[in-house]
Amino acid sequence: MKKRLMSLMLVVGLVATTVLSGCSGASKSSVTNKDEINVCLGSEPQTLDPALNSAVDSGTVLAHLFSGLAKWEQDDSGKAVLVADAAEELVDGVENADGTVTYTYTLKDGLTWSDGVAVTAKDFEFAWNRAASVALAADYGYMFDVIDGYDEVWADDATGNEKLNVKATDDKTLVVTLSNAVPYWNELLAFPCYYPVREDVVANESWATDPSTYVSNGAYTLTGWSHNSLITVTKNDNYIDASEVTMKTINFYLSDDANNQLTNFQNGSWQLIDDVPTNEIENLKTNYADEFVVAGQLGTYYVCWNINEELLPSTSTLTGTEKTEAEAEIRNAFSLLLDRNYVVEGIAQGGQVPASSFVAMGITEADGSEFYQNAGDSDSYDGYFDTSADAYSDNCAAAVETLKKYYTYDESTKKFTDVPTLTYLYNTSEGHKAIGEYVQSTLANYGVNIQLENQEWATFLTTRKSGDYSIARNGWLADYNDPITFLDMWTTASGNNDVQFGKGDNADVKAYSLDLTSYGYDLNVTNGTWAETYDELITIIKSCTDDTVRYELMHKAEDMLMSTGCITPLYFYTDLYMVDDSVEGFFSTPLGFKYFMYVTYAD
């Protein structure tokens, strides 16, 4: 899921969570109303439609407003566990003779929408088909490709009447058939795009922009939305588990100003903030030791390059495959010029780990080992390049030699003279700006002119998605603990494919090769398109039920991704936030979601 803010502890497995329970800190909240909590996760969300959302902060708001078949809870030991929510239980699937797997869910009695209408299995059937539809073209539409029938929905000759193999056989029974066994299926059921919506409600295209038209089925209802200022949600007394919900009102304040967030935390106005000024981090570690939290998170902060951006000098005569390969070399060389140790120690300062792969630290192999430690082909370091401090000088020297193949180099100034001017796009945040300035100044040392462009969050997402940029900051948090959540987002049709793989000019580029015959698959492509290679590889991975082969194929997918140079990983995320010492019952998960429904205040 897209990460808006600059999170600053290594997480091993999804079960690591942070739970706050009356710890002592440097500030004490002046909370006078114990029935409400004031928090700030970020600025104005792009959407509160669960099918269209792709950001983790608004995903947190949605987790309070909606009830899917499953949800995340914390067990007695503080671990994050999946439990049934709208469903009576999370059932085991039944494998069919053709290899498909069928799940039959029974909804709990008494489920209602916030307007009093009964929730039915038909609402889930409708919502999933809507979210997966070509017509909606949601960023996360591909999250439904594990369900039988998805390929027909998206086939070139589809009529628009095709549906997922999801059937409401009566008001309380939902039957779902998957194309094959999926190890992370239950986790998908707790993900926002799998939440139900009601057909008559969403018929109003602006339904999700105003509390008067917003209908949900979760622990809270949307009772106020002052755009760009405040979202208020209020406890839903008709929620099936309302007796367990302790916090009556949650005020989600909207701000991307880290200084403003810290001020409101320190004066007691806000009880949780999800960002702090980078220049205050050392002070906060000392003076707010029990309220300044650095928690585990499954994610990667990276720079993405628009694959269709021209990188070669105007005098270059390279075309076709040679041009594509040259630009991949250039992007990978620029990546080596960045000192990730400086980024995490001098800028971020929150316990992040320098990253040399895209799939995040904490994502595991089938045997429980770390996926990133098996990435790349070196025995001397993890990933695709050496991030150790001792290797930085050699990395820079190697990068310069590579760049000399394509650009004019002035030996007297030690700078290149004909690199095209590029623009670095980032969303409003002091931390993102600082990293952008570092990229700018570092590449300027080599004669590369980088201009910085700042946009507010919603505009930034639209610009990046449309490919109207050169280079952009990016961040991705796992949607579930499986490497595929970092890899399937780069297929041609994915709404999260901000790099534009297989789109625009890149659609017709035949520069990618893939041979899977040694794995028993009839796929051997030399100089094919992205769609003919990477897209096909992801499809095969998702249909593979042999864990050993599946993980080997996912490493191949990351090899392809990293070879393009379009992904420049900088560090593996940690989650940095501040929570008032009087708050009890709050918890978060390494997927980035934060939960306030069980909060109380210490006396």
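Helix axes are lines fitted to C-alpha atoms over the stretch in contact, and angles run from 0 to 180 degrees between N-to-C directions. Helices (H or I, at least four residues) are DSSP runs numbered from the N terminus. The structure is a predicted model, in which local features need pLDDT of at least 70 and side-chain atom pairs count only at pLDDT 80 or more, while totals for chains, interfaces and linings use all residues. Residues are numbered from 1 along each chain as its sequence is written, and side-chain values use heavy atoms, with hydrogens and water left out.

The protein is divided into domain 1 (36–291 + 580–601) and domain 2 (296–573), with bounds that come from an automatic or database domain assignment. A distance of 30 Å separates the C-alpha centres of domain 1 and domain 2. Contact (heavy atoms within 4.5 Å) involves 31 residues of domain 1 and 32 residues of domain 2. The size of an interface is often given as the accessible area lost when the parts come together. Between them, domain 1 and domain 2 bury about 2700 Å², 49% of it on carbon and sulfur atoms; buried area is the accessible area (1.4 Å probe) that two parts lose on being put together, summed over both. Of the area that domain 1 buries against domain 2, 22% is supplied by Tyr142, Tyr184 and Thr278, more than by any other three residues.

Three helix pairs are described next. The axes of α8 (residues 320–336) and α10 (residues 392–403) come within 8 Å and cross at roughly 150°. This angle makes α8 roughly antiparallel to α10, given that angles under 35 degrees count as roughly parallel, over 145 as roughly antiparallel, 65 to 115 as roughly perpendicular and the rest as oblique. The crossing of α8 and α10 is left-handed, a term used if the near helix is turned anticlockwise from the far one by less than a right angle, with right-handed used if clockwise. Residues making the contact include Ile330 and Phe334 of α8 and Tyr392 and Leu403 of α10. By class, the contact of α8 with α10 has eight nonpolar, two polar and one charged residues, where Ala, Val, Leu, Ile, Met, Phe, Trp, Tyr, Cys and Pro count as nonpolar, Asp, Glu, Lys and Arg as charged, and the others, Gly among them, as polar.

Helices α14 (residues 530–543) and α15 (residues 547–563) pack at about 155°, with axes 9 Å apart, and are therefore roughly antiparallel to each other. The crossing of α14 and α15 is left-handed. Among the contact residues are Trp530 and Leu537 of α14 and Arg550 and Met554 of α15. The contact of α14 with α15 comprises eleven nonpolar, one polar and two charged residues.

For α9 (residues 340–348) and α11 (residues 430–444), the axes come within 11 Å and cross at roughly 135°; α9 and α11 are therefore oblique to each other. The crossing is right-handed. Tyr342, Val343 and Ile347 of α9 meet Ala434, Ile435 and Tyr438 of α11, a contact with six nonpolar, no polar and no charged residues.

Methods. Helices (H or I, at least four residues) and strands (E, at least two) are DSSP runs, numbered from the N terminus.
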